[in-house]
Amino acid sequence: MATINVNGQEIEVDEEGYLVDLSQWTPEIGEAMAKMDDCELTDAHWEVINFLREYYDEYQIAPAVRVLTKAIGKKLGKDKGNSKYLYELFPYGPAKQACKYAGLPKPTGCV
Amino acid sequence: MSDVKKFLYVNRKAPYGTIYALESLEVVLIGAAFEQDVALAFLDDGVYQLTKDQNTDGIEMKNFSPTYSALGDYDIRKIYVEKESLEERGLTIDDLQHLTYEDEDDDWAEKDSIQVVTAKELAEIMDQSDVILSF
């Protein structure tokens, strides 16, 4: 099993870098995962990450990107609810990459 | 689009004890990305999948019932529950979760997704479906 080192603590991740034990998540783990992808997390990133965590908490799934885009638009405004905005924040795919930093599993149906 | 098919996912089994209910739900969520005409049917013990207040602590399985509330986000608007199956189990629609979707053609009004139908009506719905996937 692969691990990543966050503040001296070894955290277990799967072969694609997603957290194995979702309950271990802390914002520092999200930061550390982003740093490994050369991605600096801004408030705009955190808005999406926090949104995903709330969505997962309520529905027990990570939403598909189409659903995420629509839901973000509704909650955070039309200017953010489009794939251009979300792909600029998360170039590896908004659902996939943001879910990873949020400590969630890969979205259902995501390959 | 002319190649939209009518898909019907038929759910007949209790939510836990077998993997069918969860697998069906995952296939539905994945399939929703293909923009087909999707409907779900719940009958026999499958009606238990939609019950409120599920608690899986005693069996150490994930309670995935909150995920049914996300179906509206995935544009799934037709959820049929068989009347006879509910009655045989002493259940009514009030024992089920309140599932809704937002109708974009009607100013995003929130509408009920669940329709209770008789076995005869469900047979007609099956007859009119292009693809039936049974779980």
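Two residues are in contact here if their C-beta atoms, placed from the backbone, lie within 7 Å. Helices are DSSP runs of H or I with at least four residues, numbered from the N terminus.

This is a predicted model, in which local features need pLDDT of at least 70 and side-chain atom pairs count only at pLDDT 80 or more, while totals for chains, interfaces and linings use all residues. Residues are numbered from 1 along each chain as its sequence is written, and chains are lettered from A in the order in which they are written.

Let's look at helix α2 of chain A. Its 17 residues, 43–59, reach 24 Å from the first C-alpha to the last, close to the expected 24 Å (1.5 Å times one less than the number of residues). A residue is buried if 20 or more other C-beta atoms lie within 10 Å of its own, and exposed if 12 or fewer do.

| Group in α2(A) | Residues |
|---|---|
| Buried | A:Val48, A:Ile49, A:Leu52, A:Tyr55, A:Tyr56 |
| Exposed, on the face turned away from the buried side | A:Asp43, A:Asp57, A:Glu58 |

Just after α2(A), A:Gln60 takes a positive phi of about 65 degrees.

Now for the partner chain: 11 residues of chain A are in contact with 12 residues of chain B. On the chain A side, α2 and α3 are the elements that give two or more residues, and α3(A) gives the most, with 3 residues.
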